[in-house]
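Welcome to a short tour of this protein. Have the sequence and the model open side by side as you read.

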Amino acid sequence: MTQGAGGEAQAEGAEARTGRRNVTGLVIVNTGNGKGKTTAALGVLFRAWGRGMNVRMFQFIKNTGSRYGEQRAAEKIGLDISALGDGFTWLSKDLDHSGELAAEQWSNCKEAILHGGHDLVVMDELTYALQFGWVSTEELIETLKQRPQTMHVIITGRGAPEALVEYADLVTEMREIKHPFAEKGIKAQPGIEF
Ligand code: ATP
Ligand code: MG
């Protein structure tokens, strides 16, 4: 809040954009082995965008320039989703390269969190970079502490580290009950998985 010329209080940032006072930025973690972590984050991104909020999504791991359905949708409506990665899996050969890309994406995220003027920042699949030590959990939490007080942040991925779960305000674990690949060998379906 700042004081206007006439002394009246004026809302800034997320408060101005949502027309609400006392916006409290949340740290949200979607973790677990079940499906729905990234898509739940996309749902919130869409909802916040609908309210005129300034939203941004960074994807780790997923190939740079990949054309997932969410990236195509974002392009159509002018939303900013940037992927920087080489599609790393546990079987990747060049882990050093995957790590360098993750570190670079983290520095983009850090800049956006501290100086981007966003109301919501999503870091999709960040947990893998934390697990591999490509991004420091300690530095992540320090950065989250320094973010603007009204900024929401969503982190997705399996195996969220305990310290992050502890620090976050909202943590959801997706639990697998059935998966079509595990059950029936059905391959990933466009529009459902990517
Ligand atoms: P979504 O992007 O649909 O919200 P997610 O972010 O929760 O899913 P990730 O943990 O990022 O999913 O996993 C990546 C992909 O692995 C997903 O498309 C998911 O469906 C798939 N997956 C999850 N469990 C299994 C399984 N048991 N066998 C094969 N693929 C799986
Ligand atoms: Mg995901």
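## Ground rules

Helices (H or I, at least four residues) and strands (E, at least two) are DSSP runs, numbered from the N terminus. This is a predicted model, in which local features need pLDDT of at least 70 and side-chain atom pairs count only at pLDDT 80 or more, while totals for chains, interfaces and linings use all residues. Residues are numbered from 1 along each chain as its sequence is written, chains are lettered from A and ligands numbered from 1 in the order in which they are written, and side-chain values use heavy atoms, with hydrogens and water left out.

## A buried threonine

Let's start with Thr137, found in helix H6 (residues 137-146). Thr137 counts as buried because its relative accessibility is 19%; buried means under 20% relative accessible area, exposed over 50%, and partly exposed in between (1.4 Å probe, protein chains only). Not counting residues up to four places away in sequence, Thr137 touches Leu130, Pro161, Ala163 and Leu164, where contact means heavy atoms within 4.5 Å.

## The sheet

Six strands form an open sheet with parallel pairing, in the order E5-E4-E6-E7-E3-E8. Two strands pair if DSSP finds at least two bridges between them. Strand E5 (81-84) and strand E8 (170-173) are the edge strands, each pairing on one side only. From one strand to the next, the twist averages 15°.

Strand E7 is mostly covered, with five of its five residues buried. In a regular strand the side chains alternate between the two faces of the sheet. In E7, His152, Ile154 and Thr156 point one way and Val153 and Ile155 the other, and all are buried. E3 and E7 run parallel and are joined by four bridges, with Val27 opposite Val153 in E7. Four bridges also join E6 to E7, where Leu120 stands opposite His152. Strand E4 (residues 55-60) has five bridges to E6, and Met57 faces Val122 there.

## Around the sheet

Helix H2 lies across strand E3 (27-31), E4, E5, E6 and strand E7 (152-156), at about 160° to E4. Helix H3 (residues 69-77) lies across E4 and E5, at about 140° to E5. For these angles, axes are lines fitted to C-alpha atoms, for helices over the stretch in contact, and angles run from 0 to 180 degrees between N-to-C directions.

Asp169 lies in the loop between helix H7 (162-167) and E8. Asp169 and Leu26 are 143 residues apart in sequence, yet 5.9 Å apart in space, C-alpha to C-alpha. Beyond its neighbours within four places in sequence, Asp169 is in contact with Gly25, Leu26 and Val27.

## The magnesium site

Which residues are the protein donors of the magnesium ion (ligand 2)? They are Thr38 (OG1) and Glu125 (OE), lying 2.1 Å from the ion. Donors are N, O and S atoms within 2.8 Å of the metal (3.2 Å for Na, K and Ca); water is not among the atoms, so sites may look incomplete. Thr38 sits in helix H2 (residues 37-50) and Glu125 in the loop between strand E6 (120-124) and helix H5 (126-131), 87 residues apart. Both Thr38 and Glu125 are buried.
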